[in-house]
Amino acid sequence: MPKSKRSKVIHLTKTAKKGKELTLRLYANIQACIPEYPYIYVFSVDNMRNNYLKDVRAELSSDSR
């Protein structure tokens with residue numbers, strides 16, 4: 001019998017982790033910007049498919065590093 005072509009659940013335990021190096025680099029970039037800017041906002045979004053969040057990200061990208 002042929003294999004089913006239905007979408008299957010992918011467990012998160014099988015996905016590759018980003019690692020500690022990426023986190024340390026992010027913290028270093030934030031700490032380097034502290035003396036340069038009077039205010040720093042750091043936020044993360046899990047799902048960027050929302051059109052409103054895409055608009056906000058596009059607006060902020062012109063001012064950010």
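I took helices (H or I, at least four residues) and strands (E, at least two) as DSSP runs, numbered from the N terminus. By that assignment Ser61 lies in helix α2.

**Basis.** I worked on a predicted model, in which local features need pLDDT of at least 70, side-chain atom pairs count only at pLDDT 80 or more, and totals for chains, interfaces and linings use all residues. Residues are numbered from 1 along each chain as its sequence is written, and side-chain values use heavy atoms, with hydrogens and water left out.

**Overall form.** I found two helices and zero strands in the chain. I then looked up the radius of gyration, taken over C-alpha atoms, with a globule rule of 2.2 Å times the number of residues to the power 0.38. The chain has 18 Å, whereas a compact globule of 65 residues would have a value near 11 Å. Along the principal axes, the C-alpha atoms fill a box of roughly 65 × 30 × 15 Å.

**Exposure.** I classed residues as buried under 20% relative accessible area, exposed over 50%, and partly exposed in between (1.4 Å probe, protein chains only). Buried residues make up 2% of the 65 residues. For areas I used the Shrake-Rupley method with a 1.4 Å probe; for residues, only the protein chains shown count as cover. The accessible surface of the chain comes to about 7300 Å², and 55% of this belongs to carbon and sulfur atoms.

**Helix α2.** I returned to Ser61 and noted that it counts as partly exposed, at 46% relative accessibility. Its C-alpha atom is separated by 44 Å from that of Lys3, 58 residues apart along the chain. Glu59 lies in this helix also, which spans residues 51–61. Glu59 counts as exposed because its relative accessibility is 60%. From Glu59 to Ala28 I noted 24 Å, C-alpha to C-alpha, at 31 residues apart in sequence.

**Salt bridge.** I required a side-chain nitrogen of Lys or Arg within 4 Å of a carboxyl oxygen of Asp or Glu. By this rule the count comes to one salt bridge. Arg25 forms a salt bridge with Glu21, and their closest N and O atoms are 3.8 Å apart. Both residues lie in helix α1, four residues apart, about one turn of the helix. Arg25 is partly exposed at 46% relative accessible area, while Glu21 is exposed at 59%.

**Nonpolar patch.** I built patches from residues with over 30% relative accessible area and no salt bridge, joining like charges within 9 Å and nonpolar side chains (Val, Leu, Ile, Met, Phe, Trp, Tyr) within 5 Å. Tyr39, Tyr41, Phe43, Val45, Val56 and Leu60 make a nonpolar surface patch of about 700 Å². Tyr39 lies in the loop between α1 (20–33) and α2. I recorded Tyr39 as exposed because its relative accessible area is 64%. From Tyr41 I looked to Leu12, 29 residues apart in sequence and 29 Å apart in space, C-alpha to C-alpha. Leu12 is found in the segment before α1 and is exposed, with a relative accessible area of 71%.

**Charges.** I counted Lys and Arg as positive and Asp and Glu as negative, leaving out His and the chain ends. I placed each charge at NZ of Lys, CZ of Arg, CG of Asp or CD of Glu. The mean positions of the 13 positive and 6 negative charges are 21 Å apart.
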